[in-house]
Amino acid sequence: MLGHGALVGKIETSWSDLLNHGDEPFDLSFPPIDDIYPSLTLKTAFAHTCEYDDGALLDSIVECEITRRTDAGHTRLSKYMSSKSGVSHLNGAVNYFQWVVASCPVGHPDRAAALTNLAWARLQGYIRRDLQDIDSSTSLFRDTLALRPQGHPDHPLSVHRLTEALRWGYKYHRITTDIHECVQLYHQLLPICHEGTHLRRIVVGKNGLDYVIRKCNKLPTDASDEGIHFRRIVLELCPLGQPHRPSALRNLSWALCVRFQQSGSIIDIDESIQLSHEAVSLCPEGHTGRDDYLNDLAVFLGCRFQHEDESHDLDEAIALYEDVLRLRPVGHKFRDAILDNLGGALVTRFDIDGDVDDINRAISLHREGLTLRRPGRPNRDTILNNLALALNSRYDQLETSKDLNEAINLYRGALRLRQHDHPERHINLFNLSSALCSRFMETQKNEDIEEAISLCQESLAALPALHPDRYFSYDWLRVAYMSRYQILHDPADLSLAAENFRLASRHPTQGLPRRINVSYDWTVAAEQHAHGSALEAYYTFFELLDAHLATRSSTTSRREAAAAFSYARSLPVDAASCAIHLEDLRQAVKLVEHGRGQQWSLASRLRTPFEDLESTNPKLARRFSELVKRLSDAQGSTVSTGRAAADQAAREYRKLATEWDTIVAEIRNTCGFSRFLLPPSYKDLQATACHGPVIILIASKYSCNAIIVPTSGKACHVPFADLTLADLNMLKDDFARAIRHASRMGPKESRTDLIVLLQKVWDEIMLPIVNALQYDLKLPRRSRIWLCPTAAFTSIPLHAAHPFRMKADRSGRELCLEDIYVCSYTPTLSALMRSRQAMKTSVTPTFAAIGQSQPGSGQGTVLAAVNSELELVRKLVPPNVKFTSLSGDEATQAGALDALRRNTWVHLACHGKQDRDQPYNSRFSMRDKPLTLLDIMENHTPQAEFAFLSACHTAAGDEETPDEVIHLAAGLQFSGFKSVIGTLWVVDDAVAKHVVEAFYEKMFEDLEDGVMDCTRAARALNHATHAVKKKVPLEQRIVFIHIGV
């Protein structure tokens, strides 16, 4: 075996001294190398007897020419290394080693060693600049490595030798591929280079891995997939405790951020923030460079805010920038950068909150920064642009022409400093365009708007098709065209504006919040100017909002995200009104259904049955099922203990949501599943009217209408020509006052105010609908109908509409709505559809009566009649049905949830509270703590059938998003109960028991084969409210409504 080319040391001894050790092993020690004391353990033995003396034996060994020339090569190389010159020694060594390589052909056992010796000699010459060719050394080391694969005892050393050649090549020639390959090799080498060995010390030392990492951390940012993969490997080579880990974290986080800016992938910026948080944690107070890491984190949070519109990201970014500003006092060389960054964040906050102090401070910071970046200094263009942006924002709010003109001049100055190939020139272009649009609207000078349009078109030409910033070019281009249209009224400009609305809202790499906002603006513009793209604009808004809410991990976070667009809460009814105007009732039904009930639809997607998919594609169904489980586990409502934990949970959920989109797309490509989890078609929605028509009542600022969806045939339109949204809001408020007034009246007093209002509901709303049902649809009397109210209609007791007058011929009293038809409600058609689909399965019914007369502290007063009501229910339930009663100390939150899970029929008698600000906190009062709507929603009970909620406000809607109809009764329906009795306002428990008694008597009358049927609930309630007229005041009779099948 030939040596590896490293001369450890020389020692002289005689054969006699060696043989004197006998059979015992002994050590030979050498001088230290790099604080390591090398030694050699030997053991002597006679292989065979020999006639030769010592000299003859030695002669026979050195006669091997390969060995002799190898030794000679090492001798010459040693002399070269120990002298300051001596190139002749180097050449001699190279010649010897080349001869040896030639004498060890492929397959020779010593070829790898021979290649190593030659490569090592040439590398030493290159290091000392006596040889100029590094490629030959690198090539020889590669050949050696090929001969010593993984598992070979010399494989680690051969990998190390190749890294040395690459490292020296990079040092002298700065070839990036060399340092990249070095990193890859170190990544392979470290796991097989054991701790404590001499090789390990060399590998990780300052001239090995440490040097490579330092150089890697100084390489420019590469946001390509390969560049990010490279940065990940560098980070792996910097475990916790390694001094270069913060820099490695920083470099990877910036690469991910740049890729995010180029592609819009939220997962990238999420990871940037995660890595940056760790980098900051590794640089505590007083650490050199802490300001840089804090600044990085603030930048990344600002990027995510711009994409996701989460206010806490912006707040944290501003707080971090403030910290950096304190760490960079006057005189600090990078103070100008933090002034610019903090100013930009304050401008963003001003655009949201409108706090003038923010914008004034921002402008002051930018001006100070500009004085530090004098003409000729790098990045002066950036601060010019950002100061202009701040002045432009202040103009938008305060309309000071001086600000606008200065902004335009600054934008032009920044543009002059940026060459055509500058990567951010497009930002200057569309920013200047926006300012010129504003000035055009003020001065109406045509040259301004022409330049604005040209600048946006130039910015588009500079950007790749999927660059996120194309969104801004489209957005400002539509602003320019709309501005010109408003002045010149050219229809071509309106069409161009609509096209750019479309392109901006559908640009896939921009954040959803921005696209949602621009799609809303599109709906407004299309409605205002009667443009034909209005319906497309509405559909786009609903699709984008769906996609945005789907990225939120819990029910409450989805509602919070939806509340950010509360300005658009009337869009479902406005969209339906638009479709009605276009005489497209099918589209009207689909739009109002798509826009309403998004919370329920998103929550229910994880409960989608997929038995058909299992029979068609079991493997795909299994993958879908597993993902549903993972999403369900991640979707809980548990509040995180801190911001970091919440961010981590959100990041993980977004990754799962991306997987969800991928697998759902795959399922839709499967034959027969093209509409999997898509909004229902009109045909699907009409199927909900199989047992009676559904009447959708639409209250929009544009018009008020009803659409009757019949069991078969075309939908029927009932216009309310003389009714406006303002009228309905007034009627809603009048009802609230009349109910409060009636609750303070004696049982015998006439409810005159309430009667007048119910007459108005009959004459102006329900009578036209009844006429359509009777005369157009020929619907027989006592048929069932379902009311699906929207907006202000949800707060009006439509079912109680009553003429309260005699017939014209004085032959008797006119019939009221509930004399003619049996009314039920449904929050949405989809909710009714889900309930009908769940009726396919049936189980043995069990009944639980849950009552709490003495709720826990702060949950309400004592209810004296609750226990007697429970006893009444027990007596009325058929004796063949298993009955459970839960009251007093047993009626806890957990006990009530368990009863809901275990029983198919439930009666709840307790305090109910609708939380109009936070509807998921709406609750039933229990002994220990409330049973909330969120608890009920997460309590999946697919076998449940019927619930009677003898409590206050169980079917009253949500103030913030009334079209969502988020209330306790709807929550029980969502959790699995197909048929629910709820209440619209406060219930008097002393008189409610009369309704309860009449209801259950009718409900359990003449049961077929003794089987309880939840579909009888609507008729039983209709009967009960008539039966108790003499016992129960009007407002307490009409408080109960039926929801569901």
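Where is the place of R129? Select it in this predicted model. R129 sits in the loop between helix 5 (111-127) and helix 6 (135-147). Check its backbone: phi is positive, about 65°, although R129 is not a glycine. Most residues other than glycine have a negative phi. R129 counts as partly exposed, because its relative accessibility is 36%.

**Helix 7 and its end**

Move on to helix 7, residues 155-173. Its 19 residues should span 27 Å at 1.5 Å a residue, and the end C-alpha atoms are 27 Å apart, so the two values agree. Now show the surroundings. Of the 19 residues, 15 are buried, so helix 7 is largely enclosed by the rest of the structure. Step past the helix to R174, which follows it. R174 has a positive phi, near 55°.

**Salt bridges**

The structure holds 51 salt bridges. Side chains of opposite charge can pair when their charged atoms come close.

Select E278 and R245. Their closest N and O atoms are 2.7 Å apart, in a salt bridge. E278 belongs to helix 13 (residues 266-281) and R245 to helix 12 (residues 245-263), so the pair ties together parts that are 33 residues apart in sequence. E278 counts as partly exposed at 22% relative accessibility. R245 counts as buried at 13%.

Next, select D358 and R349. Their side chains meet in a salt bridge, 2.8 Å from N to O. D358 is buried, with a relative accessible area of 8%. R349 is partly exposed, at 23%.

Then go to D521 and R478, whose salt bridge is 3.4 Å from N to O. This pair links distant parts of the chain, 43 residues apart: D521 is in helix 24 (residues 512-528) and R478 in helix 22 (residues 470-488). D521 is partly exposed, at 31% relative accessibility. R478 is buried, with a relative accessible area of 12%.

Now select D270, R304, E308, D313 and R654 together. Salt bridges that share partners join these residues into one network.

**Charged patches**

Switch to a surface view. Which residues form the negative surface patch? Select D315, D353, D355 and D357. D315 lies in helix 15 (residues 311-327). It is partly exposed, with a relative accessible area of 42%.

For a positive surface patch, select R781, R782, K807 and R1019. K807 is in the loop between strand 6 and helix 36. It is partly exposed, with a relative accessible area of 36%.

Is A791 buried or exposed? A791 counts as buried, because its relative accessibility is 15% and the cut-off is under 20%. Its phi is near 50°, a positive value in a residue other than glycine.

**Last stop: D421**

Select D421, in the loop between helix 19 (401-417) and helix 20 (425-443). D421 counts as exposed because its relative accessibility is 66%, over the 50% cut-off. Finish with a distance. D421 and Q486 are 65 residues apart along the chain. Their C-alpha atoms are separated by 35 Å.

Key
Residues numbered from 1 in each chain as written. Predicted model: local features only at pLDDT ≥ 70, side-chain atom pairs only at ≥ 80, totals over all residues. Heavy atoms only, no water. Patch = residues over 30% accessible without salt bridge, like charges linked within 9 Å, V, L, I, M, F, W, Y side chains within 5 Å. Areas by Shrake-Rupley, 256 points an atom, 1.4 Å probe, with all protein chains shown as cover. Salt bridge = Lys/Arg side-chain N within 4 Å of Asp/Glu carboxyl O. Lys, Arg positive; Asp, Glu negative; His and termini not counted. Charge placed at Lys NZ, Arg CZ, Asp CG, Glu CD. Helix = DSSP H or I, 4+ residues; strand = E, 2+ residues; numbered from the N terminus. Buried < 20%, exposed > 50% of the residue type's maximum accessible area, 1.4 Å probe, protein only. Expected span 1.5 Å × (residues − 1).
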